[in-house]
Amino acid sequence: MAERMGFFTDTSVCIGCKACEVACKEWNQLPDDGFVFEATSYDNTGMLGASTWRHVAFIEQARPAPDGDDGVERWLMSSDVCKHCTHAACLDVCPTGALFRTEFDTVVVQSDICNGCGYCVPACPFGVIDRREEDGRAWKCTMCYDRQRGGLEPACAKACPTDSIQFGPLDELRSRAEERVARLRADGREEARLYGESPSDGVGGAGAFFLLLDEPEVYGLPPDPVVTTRDLPALWRWAGAAAVSAAGAVALAFLGPRGWGGSRGRGRWGGSRGLPGSHGVLGSRGGGGR
Amino acid sequence: MAECHPVGFQWVVEAKERGARVFHVDPRFTRTSALADRHLPIRAGSDIVLLGALINHVLTNGLEFREYVLAYTNAATIVSEDFRDTEDLDGLFSGWDPETATYDPRSWAYESTGEQPPAERAEGGPLHAEAAGAHAYGAGGPAAHPNPRTDPTLTHPRCVYQILKRHFARYTPELVERLCGIPRDGFAELAEAVTANSGRERTTAWVYSVGWTQHTVGAQYIRSASILQLLLGNMGRPGGGILALRGHASIQGSTDIPTLFNILPGYLDMPHAERHEGLDQYLELEGGATGFWGNRRSYLVSLLKAWWGDAATEANDFCFGHLPRLTGDHGHYTTVMGQIDGTVKGYFVIGENPAVGSSGGRAQRLGLANLDWLVVRDLTLVETATFWLDGPELETGELRTEEIGTEVFFLPAASHVEKEGTFTNTQRLLQWREKALDPPGDCRSELWFYHRLGKLVRQRMTDDEIDRPVRELTWDYPEHGPHREPSAEAVLREINGVGPDGRALSSSTQLRPDGSTACGCWIYCGVYADEVNQAARRRPGREQSPVAPEWGWAWPANRRILYNRASADPEGRPWSERKAYVWWDAERGEWTGHDVPDCELRKPPDHVPPEGARAEAALAGTDPFIMQSDGKGWLYVPAGLADGPLPAHYEPHESPVTNPLYAQQANPARRTYHRPESPYNAPGGRFPYVLTTYRLTEHHTAGAMSRPLAYLAELQPELFCEVSPQLAGHLGLTNGDWATIVTSRAVVEARVLVTGRMRPLRVEGRVVHQVGLPYHWGWGGDGLVTGDVANDLLPLVLDPNVYIQEGKAMTCDVRPGRRPRGRAALDLLEMYRHG
Amino acid sequence: MTRERAVVPEAEFRSYYGRPVIKPPIWHEPHMPTYLYLGGMSGVSSMMAVMARLTGRDRLAGTARVAAAAGAAFGAALLAAELGRPERFLNMLRIFKPTSPMSVGSWILAAQGGLSAAALVGPLDGASPGGLPDVLPGVRTGGPDGPLAGVLRPLGDAALLASGVTGPLTATYTAVLVADTAVPAWHEAYRELPFLFAGSAMAAAGAVSMLGTPRAHAGPARAVAVLGAAMETVAGEAMERRLGFLGEPYRTGRAGRLMRTARALTAGGGLLAVVAGRSRTLTALSGLALTAGSLCTRFGILEAGRASAADPKYTVVPQRRRLDAARERQDS
């Protein structure tokens, strides 16, 4: 496998121009997402989805002024994208193998295999992947797998005028990001923090991580995402226990105290070995009274 | 800048990374503000107060770059005794003629040295005002004395420095707070930053766009910045300057090779029917004899040779008589009035959508409806081509399709990727673009269209004398491809010019007044030097110096910073190591540096011109502003502006504020159209809010290039107005709901975006609310998204120097809910106008 | 930025315009919840068929066999219809992927469907007592003279026995399926959900067999139903109690109404089942109540999942608390 490639989105220099959204759609030939005025600052595409693989969030933050005038002090902008998790829930839960990990350590859907089961959709802790209803398949950012194979950087990073979106080997991006945070903090911007860069987080570190200027949830990101399949062994253990319990309960119903069962036939196997029947509480009073 | 020039904004971000401080002055908190160190919300239309206060701050505290100011500006020059300031005449300068509503600028002149220029030579007066002559001077400016009287101690009461001091004395931080709504601490921070960041070691740049120009005092906004930058020594130096961001790709190119009515290529004046008899008289009247404009005969004769070739001879004034003549104002809005009045019969609209994109859309459409014929060339079927079918006046019943006689020709155009040619960007950089693909169907390039139109017209020419100018035009460009596309490189080469040997010229200094050279635009001379398309150079920046001289080609002479002689001190040494750019190499006896020096290479810094010298020979070795007749940066403009030698604060034509500085409320020389098609808002309480219009990153101008594109249209799908939470609360506007905006011109509905990015400002002791409206929507134009036309709200009132409309500051009223339809909309307007 | 005050005071949190952080499950109604019902019913029916066969209750076994086969078949059809690309249904069996409960479940369901269908053939063997009559009129498939006489029964019995293994898995894997998502109300309920689902499945299967078997033979079915109803009720209560704040989606809105209805129907149906042996009316009432209850549970679970995904507080608040707790641990 080649070096792991990733995105570092430095929101401190994002100007919200949405060139990433447009370049992404243009390159990947995505359909539009409808023409709806959302009245949520300058964001009219809402969130990532089947047809929006880069999404710029706009967050207006007010500063309480002495005269009660709440002028905006900060306008945070951030270009969100698929995180290409180290432990990717979408990939884990995909039943068909349509989702796979590429040689660049990114996570990509093969649209010719996806049968649109939709399981990846609620599995993603970031709400990234979605099914396009008119098409029936799940879609998300491929980190421009085709461009990468051709030696090009992804379209969004290419289009970003201020280098808010940086593409490169993940290790390199991580150290660059740490330097950047250190510098911002030294400049008094204590709120600067990295999101998704740590391999010890709930998804094993994201292939696309961010420099944020506020809590992740302010940008619509989960504060502590965990890949759901981390708990899968436990899930199966509990399900196993339930299955055994159910089996036991059914057995009990047939073999329970005083033979809860009703009239028995004489099956080839079991009939003669069955417990003696009797009319218990649950049994029909009438016995075979029909 | 981040909003409308996001690609260019990367350099601001980079500068910030290197420690630059960024201030953003704007009525709204925009995407630029988001990345700026400080946003200063300002009342739209009050910028001269802010800039004037900065100038005053510099002058009263002695913070100017004294050595620079003394050597490179006209600070020491003594002005005529006859001059009276606005401070003396309550808002008027001397020379005001209330009859014609124009200035006679003679009293503004430098003190006479005995040789007074003729009256018509000193620009101004009615003819000048009518034909927007000031713009014709471009970078040059009109004639002034090459060696006026000066006082190097700057103490003479009539020296420019002292005049400035007196003029700006009332522009104080208090006034800024009162009129702009900028609190004193904000102003103090800005003033401190700007002055501390100017001098030998540091420079400050101002960046502006149409937020500064689209005012009735637009040109004076830029003048204010010029004064400040000259005082601080920030002109002609790296990291300095006043950077104009143009509104489209190559709109700089469209002023260099103009689409404007009053200039010829290279900012040569368009001849006037009454003023200019022949070539000699024209050259005598237009501009001074000293400075590089002193060579204008060479520039014009070479232009005439490029256009009429062998037909242009010394004997026939090089076909000067073939040039069209001005008879008055032929500007955009006057043309529209001519259409309404029936004096303009035909109209070419090329890549423009005035029915949506120009001020006063209703007047525009009424004009279109009164034409005989209309040609529209565009990428999509813009509203200007369909006004007769689906325009808003049909809904109101003011127009009926069957009664519109205009014959409309729509011709599909090729886009920029479907044709080759150059773009000239905002820093005068020409960049060659290859054609990426063939235009679809009948779409053709503008070059093809005009070349073909010219050929067809020429076929119809007779031997009649009146047809001679067209008949004799050089019109022989090589063609290629199945559609016989003319060669754009051949056109570029013609613009570059050729010498007597037929070889491409390499510099405008090679141009000759005798007809031996031909050049289509003298400032572009050199773009095809050595028979090489220099604009096509694409050597990456990392492979060359930070100036990157081998990326494209910048006019003039591939010079990246104009007037860069000022980057060295009078002795020719860099002002500081840090800011070294060009300097005098005494050993080699020539100027050198990182850029092409903007002076004669071998003229030593201590050169004193001989008496009576002309053109560049009249410039001293210390004169950096080589296009000015005196080689100086003009803090004070003795001639050439229609509305005064100094900027003074006037309120916008429509303003809720009374000008506290002068009895003169608005610019007295502003151009107005008192017409029923586009009436002005009455002053008073009926229109209590300030309205400002602008563009969004997601769309392009009137939307013809963005509304039909799903990827752009979905990003900003509807016309919206931005209002503060306070105004929304006051008016009962709900975020996401509808509002109706009213002026006496139009009633427009928009979605409401309630945002703290709009701040109510405290102006003159009361709260002024501003309403923001992007103008990208129209009713059709193949748009996936449509909306009302914001520009319909705008008044037709213009800056007197360049005839730009006041689109950035006016008054309006706002009502919750959607607008009335049809006849009811007219009734509402009627109520606002008279009710 | 929006600051929202949730109903629960400690749930103050920040979000992006109140938009969801995660995507809600896109599965449709009635497909998905009906499948959950049918799958559960099929799984437990298989277990019942096995037990009935083992204990010689052939009438009951017959009903349960058919219920098991029909549930699996219809359930699979619903699942296919649920796909964005139903024609690619077989891609589900393209690979076996242990990390994907849907992949595992597809194999389980395939096995359950195949086995329960195969189990049907046993009674076709004419030799089988209590076996079904010929399925197709006029075509002799079963019976002692049939071409498959003596083959079908062992085959069917083997399949039936095997379905005794796939049955419980079919009835419970769906709990893993929904819990193995980022949907807070599902994932955090992963302990109780399998029991809830198993109980619901037992109630459903018990009800079907109760309704489809003569009362005299349906005693164990009633017992299964009663035990299922009890298991479902207890698991549901335990789940909501343990989830606390995250249990809210199960209590409020449409999901809350569905869950409350389910609870009442299941409990009522379960109680009725105790005495349902006494009359046909009681049997019918009980069976229908249990069936409706099980269906309501499934619809309610889906709806609660959607609601918990749609409101960012259910995603943000627990995660924020987790982070804060971790920070506190670090600090102390």
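**Entry 1: chains A and B.** I looked up where chain A meets chain B, and found 30 residues of chain A in contact with 36 residues of chain B. Two residues are in contact if their C-beta atoms, placed from the backbone, lie within 7 Å. On the side of chain A that touches chain B, α1(A) gives the most, with five residues. That side divides into 14 nonpolar, seven polar and nine charged residues. Ala, Val, Leu, Ile, Met, Phe, Trp, Tyr, Cys and Pro count as nonpolar, Asp, Glu, Lys and Arg as charged, and the others, Gly among them, as polar.

**Entry 2: ground rules.** I note that this is a predicted model: local features need pLDDT of at least 70, side-chain atom pairs count only at pLDDT 80 or more, and totals for chains, interfaces and linings use all residues. Residues are numbered from 1 along each chain as its sequence is written, while chains are lettered from A and ligands numbered from 1 in the order in which they are written.

**Entry 3: chains A and C.** I then turned to chain C. Here 81 residues of chain A meet 88 residues of chain C. The chain C side holds 52 nonpolar, 18 polar and 18 charged residues.

**Entry 4: confidence in chain B.** I checked pLDDT, the predictor's confidence in each residue, from 0 to 100. Chain B averages 93, and 96% of its residues score at least 70. Residues 116-125 of chain B stay under 50, with 23 contacts beyond four places in sequence. Residues 134-140 of chain B are also below 50. Where pLDDT is low, the predicted coordinates should not be read in detail.

Methods. Helices (H or I, at least four residues) and strands (E, at least two) are DSSP runs, numbered from the N terminus.
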